[in-house]
Amino acid sequence: MDTTRSSRDQILDAAESMFSSRGYADVTISQVCQASGLPVGSIYHHFTNKFGLLSAVVDRASTLFFDELPAVEELGGTDPLDRLGAYYDRAAEVMRDGVPFMRLMFLLQLQEDKDGKIAPLVHEARRRVRDELAAAIEPVARECGAPDAEELAEELAELTVSFTAGLVVFAENGAGGVAMGMRRLRQFVLMTIRESAAGRSVATTP
């Protein structure tokens, strides 16, 4: 058994849960230790300080999210929009497990950033997610014949990131509200690509 990895993940699980429910500033290393059931030395063995712990939480969650998603081209069906729709459906399922992390990202944007470290961390996490989404959307938009497929993919990726960020914080009925919102977002993204390919203008919000 890899005890080093398991203890690290145990710490990250505790930190993500506490940061997302109480905010980064209001959580101490000693509280994370207590929640994880591990001594302080274990945390400093893996992470330099509390910000290093936060950075690791953000990096792990971002990586795990996309590890759970298949490549669009791997999804069944010959219609590219059907494949992209299936991709968004799978993303909605993954989001149910990722709600705490997405709430954390929302809270970090409200966090007072005295050292100027948090804003770049959030920006980089958003950029990473946006780029991954754009890379999934662009080939579909191009295959459908949408003009400026790359630009359209970037716009839809940014919309997806912003919409889902608000969705997990404000959606009512918990996971049910998130699922409903993601279905609406999915429909809008597919409609936008379809109408762009047909040469029609569309609204900019779902």
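Which residues of H4 are buried? I put this question at the head of my notebook, and I recorded that the structure is a predicted model.

**Entry 1: helix H4**

I listed the buried residues of H4 as Lys50, Leu53, Leu54, Ala56, Val57, Val58, Arg60, Ala61, Ser62, Phe65 and Phe66. I then checked the length of this helix, which covers residues 50-67. At the N-terminal end of H4 I found a cap formed by Asn49. A side-chain oxygen of Asn49 lies 3.2 Å from the backbone nitrogen of Phe51.

**Entry 2: the largest pocket**

I next looked up the largest pocket, which holds about 680 Å³ of space. Its lining consists of 31 residues, and those closest to the centre are Ala61, Phe65, Gly98, Phe101 and Met102. Two of these names, Ala61 and Phe65, were already in my list of buried residues of H4. I noted the elements that give two or more residues to this lining: helix H1 (3-22), H4, helix H5 (80-110), H6 and helix H7 (149-170). The most is given by H5, with 13 residues. By residue class, I recorded 18 nonpolar, six polar and seven charged residues in the lining.

**Entry 3: the second largest pocket**

For the second largest pocket I recorded a volume of about 210 Å³. There are 14 lining residues, of which Ala71, Val72, Glu73, Ala135 and Ala136 are the closest to the centre. Here the elements that give two or more residues are H5 and H6. I found that H6 gives the most, with six residues. The lining divides into ten nonpolar and four charged residues, with no polar ones.

Is Val122 buried or exposed? I located Val122 in helix H6. Its relative accessibility is 6%, and the cut-off for buried is under 20%, so Val122 counts as buried. Leaving aside neighbours within four places in sequence, I found Val122 in contact with Met105, Leu108 and Gln109. I also compared Val122 with Ala15: they are 107 residues apart in sequence, and their C-alpha atoms are 17 Å apart in space.

I then turned to Glu143, which is also found in helix H6 (residues 118-143). Not counting residues up to four places away in sequence, Glu143 touches Thr78, Pro80 and Arg83. Along the chain, Glu143 and Leu167 are 24 residues apart, and I noted a separation of 29 Å between their C-alpha atoms.

**Entry 4: Thr160 in helix H7**

Which residues are in contact with Thr160, leaving aside its neighbours within four places in sequence? I first placed Thr160 in helix H7. The contacts I then listed for Thr160 are Tyr88, Leu133, Leu185 and Val189. With a relative accessible area of 5%, under the 20% cut-off, Thr160 is therefore buried.

Note on methods:
Residues numbered from 1 in each chain as written. Predicted model: local features only at pLDDT ≥ 70, side-chain atom pairs only at ≥ 80, totals over all residues. Heavy atoms only, no water. Helix = DSSP H or I, 4+ residues; strand = E, 2+ residues; numbered from the N terminus. Expected span 1.5 Å × (residues − 1). Buried < 20%, exposed > 50% of the residue type's maximum accessible area, 1.4 Å probe, protein only. Polar contact = N/O pair within 3.5 Å; in protein donor to acceptor, adjacent residues only side chain to side chain. Contact = heavy atoms within 4.5 Å. 1 Å grid on protein atoms, 1.4 Å probe; cavity = no way out; pocket = protein on both sides within 12 Å on 5 of 7 lines; lining within 4 Å. Points joined across faces, edges and corners; volume = space filled by probe spheres on them. Nonpolar A, V, L, I, M, F, W, Y, C, P; charged D, E, K, R; others polar.
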